[in-house]
Amino acid sequence: MTHGIYAAGGAMALLELRQEVTANNLANASTTGFRRDLVAAREAAPGESPLRRGSLALGILDTRAVLETGSIRQTGNPADLAISGDGFFVIQADEGSFLTRAGGFQRSATGEMVNEAGERLQGESGPIRLEKDAFQVARDGSVIVDGNVVGTIRLVSPPAGASLRKAGNGRFEQPPGGAGSRPQNGEILQGYLEGSNVNAIREMISLVEAFRSYEANAKSIQTEDQILGQAVNQVGRVG
Amino acid sequence: MLRALSTAATGMIAQQLTVDAIANNLANVNTAGYKKSRTEFQDLLYQTVGSAGASGSAQSKIPVAVQIGHGSRLTATQKIHSQGNTQETGNPLDLLVEGTGFFQVSLPSGEIAYTRDGTFKIDGQGSIVTSDGFAIEPPVSVPADAEAVSIDSTGKIAARISGTTEPQELAQLELARFVNPAGLESAGRNLYRVTSASGEATLASPGQDGMGSIVSGYLEMSNVQVVEEMIALITAQRAYEINSKSIQTSEEMLAVVNNLRR
């Protein structure tokens, strides 16, 4: 009898979740190297247990980082690196190594290339270390100081279809199957930064869409409520 | 309540801080030796809501959990130490460093600060000082009867004493450089302080060791590019606006819920 109320309530809870993901995408419209998230939802098949919020079933959900390239802008700062094409930088944090597209690096007091959090940029053989502050990065990732190649920046491309989990601070966890190999079409641009791949129009549409579906589901709860009200109060009334 | 409300608020706060940084860059567009700052953002922690399909059928392979982010935050305002524009002044005590070195200035507390602002002057005691009256380090004193003070590209300060013909060498300027100048702490008054992130100062005479040479009679102005700042301002304002739309929509969604029960 009240099944429709639960279905509509579940849909509303799901739309709230979508709205939260959209809000996060928009909040990161200016975050260096940010990848937007997409929510995919479908009905639970028989035997599958859907994601629940309280008693409401939301269905089978999946948030997925969309790996399209963000806008690349010139900064002129030699320690800013952007990846044109596929691939990720590998950075070493205290809690392990992560993948990232955020290429705002600087030279640390000990001469290593680090990001704002002090996490070290990895080369093909250990962290990238610069003896001097004048250096060039070639498109293939070779780091050149005084005409000598002192290291090659490591780029990895997780296997196609591998889903990446976000770890916050612009980082992705290494996929369980290993970080993957060097991408064929990944090049490093020195003096450029890659922005976020959030598209304001798409997110606005998503906001409007989620909001209107939310309203529609609220209407169906109200209608269901009216029907129930009539059934309770009018059916069977004599005279 | 909807997490989206606070998520969008973090976005608005981040954009507001960007506008603050841009306003400061623009306010210092004509400040000698000023280096522009740039804001850097990162996304916040992700909450894993539920692992979809974890107990699903064998055919359904949805490997990703539902991850919901909590917005963005400002991680750094990074100083960009590119060379600023050059301005000719003709004043021999206006100095420009053509390279990466910083002038050293001793503060009244005895602490050494660093600056790119080369507007030096001679005070009542004959010392070479900054506009704020802080003495240049190592200290230089110009005799009262000196006529023409000159500074060459290697930082040798010489003066012709009244009654003589040959200029007399007074002192040798020393510059400081840092492994990571972006790690210096801005102390206001065009001064920087050394931090553990910048690394200790390496001292050398101008022209040596990549310090850059001194050009007398010129000033280094700020490296702020007005067009660049304007574009950043527009972007920040629009991003601020769009985050406010997230808040509005979330708020309307809550209103819908509140009207479910009439």
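What follows is a short exchange about how two chains of a predicted model are described.

Biologist: What makes domain 1 and domain 2 of chain A count as being in contact?

Modeller: Two residues are in contact if their C-beta atoms, placed from the backbone, lie within 7 Å. In chain A, 6 residues of domain 1 meet that test with 11 residues of domain 2. The domain 1 side divides into 2 nonpolar, 3 polar and 1 charged.

Biologist: And which domains does chain B have?

Modeller: Domain 1 of chain B is 3–81 + 225–258, and domain 2 is 86–220. Their C-alpha centres are separated by 41 Å. The contact takes 7 residues from domain 1 and 12 residues from domain 2 of chain B. On the domain 1 side there are 2 nonpolar, 4 polar and 1 charged.

Biologist: Why are H1(A) and H2(A) called roughly antiparallel?

Modeller: Take the angle first. Helix H1 (residues 3–27) and helix H2 (residues 200–233) of chain A cross at roughly 160°. Angles over 145 degrees count as roughly antiparallel. The crossing angle passes that cut-off, so H1(A) and H2(A) are roughly antiparallel to each other. Their axes come within 9 Å, and the crossing is left-handed.

Biologist: Which residues of H1(A) and H2(A) meet?

Modeller: From H1(A), they include A:Ala8, A:Met12, A:Leu15 and A:Gln19. From H2(A), they include A:Leu207, A:Ala210, A:Tyr214 and A:Ile221. The residues of this contact divide into 11 nonpolar, 9 polar and 3 charged. Tyr counts as nonpolar here, and Gly as polar.

Biologist: What makes S1(A) and S3(A) a pair?

Modeller: Two strands pair if there are at least two bridges between them. S1(A) and strand S3 (residues 56–65) of chain A are joined by 6 bridges, so they qualify. The two strands run antiparallel. A:Leu38 stands opposite A:Arg64 in S3(A).

Biologist: What is the order of the strands in that sheet?

Modeller: The order is S1-S3-S2 in chain A, an open sheet of 3 strands with antiparallel pairing. Strand S1 (37–42) and strand S2 (51–53) of chain A are the edge strands, as each pairs on one side only. From one strand to the next, the twist averages 50°. H1(A) lies across S1, S2 and S3 of chain A, at about 25° to S3(A).

Biologist: Why are S12 and S14 of chain A placed at the edges of their sheet?

Modeller: The sheet is open, with 3 strands in the order S12-S13-S14 (chain A) and antiparallel pairing. Strand S12 (136–137) and strand S14 (148–152) of chain A each have a single partner strand, so one side of each has no neighbour in the sheet. Strand S13 (residues 142–145) of chain A is joined to S14(A) by 4 bridges. A:Val143 has A:Gly151 in S14(A) as its bridge partner.

Biologist: How many residues does each chain give to the contact between chain A and chain B?

Modeller: Chain B gives 58 residues and chain A gives 53. The largest share of the chain B side, 11 residues, comes from H2(B). Other elements supplying at least two residues include helix H1 (3–27) and strand S4 (72–79) of chain B. The chain B side divides into 24 nonpolar, 29 polar and 5 charged.

Note on methods
Residues numbered from 1 in each chain as written. Chains lettered and ligands numbered in written order. Predicted model: local features only at pLDDT ≥ 70, side-chain atom pairs only at ≥ 80, totals over all residues. Axes fitted to C-alpha atoms, helices over the stretch in contact; angles between N-to-C directions. Parallel < 35°, antiparallel > 145°, perpendicular 65-115°, else oblique. Left-handed = near helix turned anticlockwise from the far one by under 90°. Domains from an automatic or database assignment.
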